[in-house]
Amino acid sequence: MKLCHKTQELISGYLDNELTQQQNQLVRVHLETCVNCQAVYQDLKAIKESISGLEYPECEEQKMEKILQDPTAKKISIVGWVLLIIPLAILFIYHLYTVFTVGSFSLFSMKTLILLIEAGALLLFISVLRQRLIARKTDKYRNVKL
């Protein structure tokens with residue numbers, strides 16, 4: 001009876017090949033002689049085989065990574081950043097230039113730069129909004145109320 005208890009504790013490790021050679025031999029010899037432990041072994045073996053056949057659902061992190069790596073989202077994001085950074089750099093350089101020199105102030109070029117900055121920010125917003133909507137559509141927990 002004591003040997004059965006010890007063997008049943010080791011059966012899971014026996015199935016997973018995690019036992020030492022001595023423990024492995026102990027379990028194998030006991031299973032050849034004990035019907036109860038053989039039944040436990042067969043049950044655990046059947047459970048292990050049925051679990052190994054299961055398919056796992058796609059992980060949320062993998063879904064988010066897939067959404068973030070979407071080519072359309074990347075393109076929109078890159079264009080948005082370009083439209084945001086280049087006018088800001090030009091505006092910064094222009095302000096430095098006007099600080100050190102007294103020149104004429106072109107209202108048209110200032111409006112164009114500000115329009116490009118706003119377009120860049122808008123494209124970045126659209127890119128993030130698009131990613132969030134795709135993520136929301138595939139979120140399996142969206143109907144869960146806390």
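What share of the 146 residues in the chain is buried? In this predicted model, buried residues account for 19% of the chain. The accessible surface comes to about 11,800 Å², with 64% of that area supplied by carbon and sulfur atoms. The fold is built from six helices and zero strands, giving the pattern α-α-α-α-α-α along the sequence. Among contacts between residues at least 6 apart in sequence, 62% join residues at least 24 apart.

An α-helix has 3.6 residues a turn, so residues three or four places apart point the same way. Just beyond the end of H1, Asn-17 adopts a positive phi of about 55 degrees.

Turning to charged pairs, the model holds two salt bridges. In one of them, the side chains of Asp-16 and Lys-48 meet at 3.1 Å, N to O. Because Asp-16 sits in the loop between H1 and H2 while Lys-48 belongs to helix H3, this pair ties together parts that are 32 residues apart in sequence. Both partners are partly exposed: Asp-16 has a relative accessible area of 35%, and Lys-48 has 38%.

A salt bridge also links Asp-70 to Arg-130, with the closest N and O atoms 2.6 Å apart. Here Asp-70 comes from the loop between helix H4 (60–68) and helix H5 (71–100), and Arg-130 from helix H6, so the pair ties together parts that are 60 residues apart in sequence. Asp-70 is partly exposed, at 22% relative accessible area, and Arg-130 is likewise partly exposed, at 27%.

Helix H6, which runs over residues 107–137, also contains Leu-129. This leucine belongs to a nonpolar surface patch together with Leu-122, Phe-125, Ile-126 and Leu-133, and the patch has about 480 Å² of accessible area in total. Why can Leu-129 be counted in a patch, where residues need over 30% relative accessible area? Leu-129 is partly exposed, with a relative accessible area of 40%, so it passes that cut-off.

Key. Residues numbered from 1 in each chain as written. Predicted model: local features only at pLDDT ≥ 70, side-chain atom pairs only at ≥ 80, totals over all residues. Heavy atoms only, no water. Patch = residues over 30% accessible without salt bridge, like charges linked within 9 Å, V, L, I, M, F, W, Y side chains within 5 Å. Areas by Shrake-Rupley, 256 points an atom, 1.4 Å probe, with all protein chains shown as cover. Salt bridge = Lys/Arg side-chain N within 4 Å of Asp/Glu carboxyl O. Helix = DSSP H or I, 4+ residues; strand = E, 2+ residues; numbered from the N terminus. Buried < 20%, exposed > 50% of the residue type's maximum accessible area, 1.4 Å probe, protein only. Contact = heavy atoms within 4.5 Å.
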